[in-house]
Amino acid sequence: MSVRVIVYLIVLLLVSIKGIVSYKKLTAPFKYLTVYILLTLVSECISRYLAVTIKNSSPPYHVFVMIEYAILASIYKLLIDNTSVKKYITISIYVFCITSILNSIFLQKLMVYPTNMLLISYTLLLIDAFILFFQMLNHPIEQQLSKQAVFWFNTGLLLFCASVFFTIGSYNFHIRHGISNILINNINYYINLLFYILIGVAIWVNGKRE
Amino acid sequence: MDQIDINIFIVIGVIFSSSIVVFFIYFIFSYRKKQFEYHLKEVALTNQLEQAIINTKLETQEETLSILSKELHDNVAQLLSTTKMLLGVTERNLENPPDTLIVAEDTLSRAISELRSLAKSLDKDWLAQFNCIDNLTAEVARINASKKLTIGFKHPIKLYIDADKQIVLFRIIQEAIQNTLKHANANIIAIVITENDQLLTIAINDDGLGFNVDTIKKGMGILNIEHRTRVLGGTVQFVSNTNGTKIYLELPVEGV
């Protein structure tokens, strides 16, 4: 295992531990977030293991993409006040899971990385992130932004979704043009790290509140 | 063709990352601006609410004082008058009425007179008809007549503020005098009112025992003075030591 992977897994592990330690103090959305981080850690461990044993890390992502969307969308459902948006999120979770299963059966089979579903998932989450940011703008609270866990979570997710959305798009472009993916892989790696660090900050800030 | 594609890819990447940066800058600045506006709104609402609560409290207090005044005038004063009348009848029926009876009747007459003027000074309707200066002059005369202490009162001929506000101001000064009477063991109180185009200042000084402004537990008296001053949009300062207490009020004339 490379140093990069170890660093990545350590970050995930630390954030998971922080989430578990402060679990009782966390509000509902951040409890979900802790579960999400734990599952990410498990999924990443399995995919690394499969990458070594069968030389393909894609299978766990077919399941994880559904779990990830369901959890992150549920967090937005809790954070967004608008009832119509809440309904849209609930429906989107079911539709997304069904589409994801169909994608795994017919389009991108188990041994193929499910980029279609990731693109859909991050697009939907990107919309949720923007809705939450505008909700925050319309209903500001007196607390500093840096002390708001929601801000850190949403910032992390917006950066992550937007960047991954872009990198997956460019990944396909690079393959088509036979260009090396090193740069894209690097960007992806650091964006992932940044995302999990920001989630760690969100959990830490939420656990610290009075 | 490939080079063009790569250039397009780079341009899209730069536009994309710049958009995110711009969005975050926009978000943070807008949020701070809205947060500030929200804070101002909240402060204004809190002040409004506090003002409404204070006004209600004052109205209730005025109402209670008014009822008390009527009660004193119509009930207690009548009972005392009847007692005085009976004492007069007894005095006339006796050939040699004792001196104590004559002194008692005289004391009772003074008590009735004091009670009537006190009832008058508590009555809101009565207060509304007169200005603060007239009422204070009467109040000062009443207290000076009791010889508990001496009050010096310096004032302009007339105050150019609404009658409602004059009642509140009268109550502030009345409260300050009552505090001195109750707690200060003072011999002299000096009240000085000055007025110019923008500011009405009231200084109430006594030569009493004083109190520690920082450590004293604020009683109803001091709190009432503070609340009422806030209702008038003014400020109040208490300066006190073993040589006495100074209460200094500043009220905006336009805002009053």
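Predicted model: local features only at pLDDT ≥ 70, side-chain atom pairs only at ≥ 80, totals over all residues.
I will begin with the scores. The model has an ipTM of 0.78 and a pTM of 0.63. For chain B, the mean pLDDT is 84, and 92% of the residues reach at least 70. Within chain B, the element with the lowest mean pLDDT, 66, is helix α3, residues 124–129. At the other end is strand β2 of chain B, residues 188–195, with a mean of 94.

Now chain A. Its secondary structure consists of 7 helices and 0 strands. Of its 210 residues, 30% count as buried. If we take the contacts in chain A with a sequence separation of 6 or more, 73% of them are between residues 24 or more positions apart.

One helix pair in chain A is worth a look. Helix α3 of chain A covers residues 59–79, and helix α4 of chain A covers residues 83–107. Their axes come within 10 Å and cross at roughly 175°. Angles over 145 degrees count as roughly antiparallel, and therefore α3(A) and α4(A) are roughly antiparallel to each other.

Which residues of these two helices meet? From α3(A) they include V65(A), M66(A), Y69(A) and A73(A), and from α4(A) they include I89(A), T90(A), I93(A) and F96(A). By class, this contact has 10 nonpolar, 5 polar and 2 charged residues.

Let me stay with T90(A), which sits in helix α4 of chain A. Is T90(A) buried or partly exposed? There are 13 other C-beta atoms within 10 Å of T90(A), so this residue is partly exposed; to count as buried, a residue needs 20 or more.

Next, chain B, which has both kinds of element: 6 helices and 5 strands. From the N terminus on, the order is α-α-α-α-β-α-β-β-α-β-β. Chain B has 256 residues, of which 20% count as buried. Among its contacts between residues at least 6 apart in sequence, 69% join residues at least 24 apart.

The 5 strands of chain B form an open sheet, in the order β1-β2-β3-β5-β4, with mixed pairing. Which strands are at the edges? They are β1, residues 150–154, and β4, residues 235–241, both of chain B, and each pairs on one side only. Ignoring direction, neighbouring strands of the sheet are turned by 10° against each other on average.

As an example, V236(B) has L249(B) in β5(B) as its bridge partner. A helix also packs on this sheet: α5 of chain B, residues 163–184, touches β2, β3 and β5 of chain B. The direction of this helix makes about 10° with that of β3(B).

Last, the contact between the two chains. It takes 12 residues from chain A and 13 residues from chain B. On the side of chain A, the elements giving two or more residues are α5 (115–138) and α6 (149–177). The largest share, 6 residues, comes from α6(A). By class, this side of chain A has 9 nonpolar, 2 polar and 1 charged residues.

That is the end of the walk-through.

Key. Residues numbered from 1 in each chain as written. Chains lettered and ligands numbered in written order. pLDDT = per-residue confidence, 0-100. Helix = DSSP H or I, 4+ residues; strand = E, 2+ residues; numbered from the N terminus. Contact = placed C-beta atoms within 7 Å. Nonpolar A, V, L, I, M, F, W, Y, C, P; charged D, E, K, R; others polar. Buried ≥ 20, exposed ≤ 12 C-beta atoms within 10 Å, placed from the backbone. Axes fitted to C-alpha atoms, helices over the stretch in contact; angles between N-to-C directions. Parallel < 35°, antiparallel > 145°, perpendicular 65-115°, else oblique. Pairing = 2+ DSSP bridges.
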